[in-house]
Amino acid sequence: MCREASAALTEARISADIKSAGLDWITALRGPAIKELLDSGVIQMSLFDQRDMASITSPDYPGERLVVCRNADLAAERARKREELLTATEKDLAAIKARVERKRDPLRGTAEIALAVGAVLNTHNMKKHFDLAISDDAFSFARKRAEIAAEAATDGLYVVRTSLAEATLDDADTVRSYKSLSRVDIDQSWRLSRIKGCVVGSPPGRRQSAPRRRRCPDRLQIGNRGSVGGDQR
């Protein structure tokens, strides 16, 4: 018996709810877990020389199958977007540097410079990709090229994780099932949001802010797709 799960399924829930019930599952790894597999050499980019999908195993996931996929179009788009944001951030940071270095009415004070820099980084969300040096009368910045390259290595990669053997569900069908599941999750969330007074994701016992709204029923039947908990987390 297989219970399909979304990417939000945690290791704790797999152990407590799924394995203990003797069920199988399909889910996906998050970015940090994918990076760990890359860093450890479990995922090799040569896997994608001939095709965009490969099945691997890892001692970190005993008894499970990992289907690694690479979407070249998505990889190119993410690289383009990252470079666009990096360039925009550099342009704005260079303007601040010019204000600090100008002769007439320069920007001074560590706090004041940091405030201006923080506004730029918050706008473009690129703080993790820059080394910054700020003092009362100086400011410099540089890209963290090693970190940027490490992030770029995961562009377009996603890893579907399952307890099902390949004889039961092959690689292509495993990925197809997961993609279909993600659409079901979105549809279910939308349907729940349309129920008057229903608060999606509200844990039991948590008080709601005024005006008070009734919580969803414990279980809701979603067409012929089974049921979904009203108190999903």
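Helix 3 gives the second largest pocket the largest share of its lining, four residues. Keep in mind that this is a predicted model, where local features need pLDDT of at least 70, side-chain atom pairs count only at pLDDT 80 or more, and totals for chains, interfaces and linings use all residues. Residues are numbered from 1 along each chain as its sequence is written, and side-chain values use heavy atoms, with hydrogens and water left out.

**The second largest pocket**
- This pocket holds about 240 Å³ of space, a volume being the space filled by probe spheres set on grid points joined across faces, edges and corners.
- Of its 14 lining residues, R78, R82, K128, E151 and D155 sit closest to the centre.
- What's a pocket here? On a 1 Å grid over the protein atoms alone, with a 1.4 Å probe, it is an open set of points with protein on both sides within 12 Å along at least five of seven lines, and lining residues have an atom within 4 Å of a point.

**Helix 4**
- Helices (H or I, at least four residues) and strands (E, at least two) are DSSP runs, numbered from the N terminus.
- Helix 4 covers residues 110-124, and at 1.5 Å a residue its 15 residues should span 21 Å, which agrees with its end C-alpha atoms being 21 Å apart; the expected span is 1.5 Å times one less than the number of residues.
- Which residues of helix 4 are buried? They are I113, A116, V117, V120, L121 and H124, where buried means under 20% relative accessible area, exposed over 50%, and partly exposed in between (1.4 Å probe, protein chains only).
- Seen down the helix axis, these buried residues fall within an arc of 135°, so they line one face of helix 4; the arc is that of the directions from the axis to the C-beta atoms.
- Over on the other side of helix 4, A111, L115, N122 and T123 are exposed.
- The buried residues pack against helix 3 (72-101), strand 4 (130-134) and strand 5 (139-143), with contact meaning heavy atoms within 4.5 Å.
- Just after helix 4, N125 takes a positive phi of about 55°.

**Strands 4 and 5**
- Strands 4 and 5 run antiparallel and are joined by five bridges; two strands pair if DSSP finds at least two bridges between them.
- D131 has A142 in strand 5 as its bridge partner.

**A28**
- A28 belongs to strand 1 (residues 26-28) and is buried, with a relative accessible area of 14%.
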